[in-house]
Amino acid sequence: MGKSRDCENSKCNYNDRSSSPQSESCQRYNKQNSQPFKKKVRITLEAWSGRNGIIFPSGYVKVAKGNDITFLIKAEEGYCIQDIMVDDERITDDRIVIERQERYCLSFHHVTCPCRVDAYFMKK
């Protein structure tokens, strides 16, 4: 099972951060970093996976402020996604059931503050 970067055939577009209310820490971060800048400000996101699956990209991932990023979350053969957490909160998506899927794309639009993504897997 290779590490695929192709998300076109999976269900992308969970999370549109630009339309959701910002957390207190995100608002604080934006206030502290809202001064005019000459070079592109880069935001660091963290992405980690438990055993029996991957998240790509993973580790400390930098993205230019205001840009989009998509994470591919993929379970190894014989496993499926148990949970996906963003900043210690379980994500849900009314359009699909995330739990028990083998593959999922998590998109963040117009990134303005750091966050952490954790993916957990379980045996089918």
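The model is predicted: local features need pLDDT of at least 70, side-chain atom pairs count only at pLDDT 80 or more, and totals for chains, interfaces and linings use all residues. Residues are numbered from 1 along each chain as its sequence is written, and side-chain values use heavy atoms, with hydrogens and water left out.

## The overall plan

Let us start with the elements. The protein chain has one helix and eight strands, and from the N terminus on they run α-β-β-β-β-β-β-β-β. Helices (H or I, at least four residues) and strands (E, at least two) are DSSP runs, numbered from the N terminus.

The chain has 124 residues, and 39% of them count as buried. Here buried means under 20% relative accessible area, exposed means over 50%, and partly exposed is in between (1.4 Å probe, protein chains only). The accessible surface of the protein chain comes to about 8,000 Å², and carbon and sulfur atoms hold 45% of it. Such areas come from the Shrake-Rupley method with a 1.4 Å probe; for residues, only the protein chains shown count as cover.

Contacts tell us how the chain comes together. Among those with a separation of 6 or more, 65% are between residues 24 or more positions apart. A contact means heavy atoms within 4.5 Å.

## Two sheets

Two strands pair if DSSP finds at least two bridges between them. Three strands form an open sheet in the order S2-S4-S7, with antiparallel pairing. Its edge strands are S2 (53-56) and S7, each of which pairs on one side only. From one strand to the next, the twist averages 15°. Axes for such angles are lines fitted to C-alpha atoms, for helices over the stretch in contact, and angles run from 0 to 180 degrees between N-to-C directions. S2 and S4 run antiparallel and are joined by four bridges; Gly53 stands opposite Ala75 in S4.

Another open sheet has five strands in the order S3-S1-S8-S5-S6, and its pairing is mixed. S3 and S6 (89-90) are the edge strands here, each pairing on one side only. Two bridges join S5 to S6, and these strands run antiparallel. Val86 stands opposite Glu89 in S6.

Within strand S5 (residues 79-86) we find Gln82. Because its relative accessibility is 35%, Gln82 counts as partly exposed. Gln82 and Ala119 are 37 residues apart in sequence, yet their C-alpha atoms are 7.8 Å apart in space.

## The core and its rings

In soluble globular proteins, nonpolar side chains tend to be buried together. In this chain, the largest nonpolar core has 23 residues, and those with the most contacts inside it are Phe71, Leu106 and Phe108. Two or more residues each come from S1 (42-49), S3 (59-64), S4 (69-75), S5, S7 (103-108) and S8 (116-123). A nonpolar core is a set of buried Ala, Val, Leu, Ile, Met, Phe, Trp, Tyr and Cys residues joined through side-chain atoms within 4.5 Å.

The structure also holds two aromatic pairs. Rings of Phe, Tyr and Trp (its six-membered ring) pair if their centres lie within 6.5 Å; planes under 30 degrees apart count as stacked, over 60 as edge-to-face and the rest as tilted.

| Pair | Centre to centre | Between planes | Kind |
|---|---|---|---|
| Trp48 and Tyr60 | 5.4 Å | 85° | edge-to-face |
| Phe71 and Phe108 | 6.1 Å | 85° | edge-to-face |

Trp48 lies in strand S1 and Tyr60 in strand S3, 12 residues apart. Trp48 is partly exposed at 30% relative accessible area, whereas Tyr60 is exposed at 59%. Phe71 lies in strand S4 and Phe108 in strand S7, so their pair ties together parts that are 37 residues apart in sequence. Both Phe71 and Phe108 are buried.

## Details in the loops

Some backbone details are worth a look as well. Phe56 and Pro57 are joined by a cis peptide bond, with omega about -5°, and Pro57 sits in the loop between S2 and S3.

Asn52, in the loop between S1 and S2, has a positive phi of about 75° although it is not a glycine. Asn52 is partly exposed, with a relative accessible area of 24%. His110, which is not a glycine either, has a positive phi of about 55°. The loop between S7 and S8 holds His110, and this residue is partly exposed at 42% relative accessible area.
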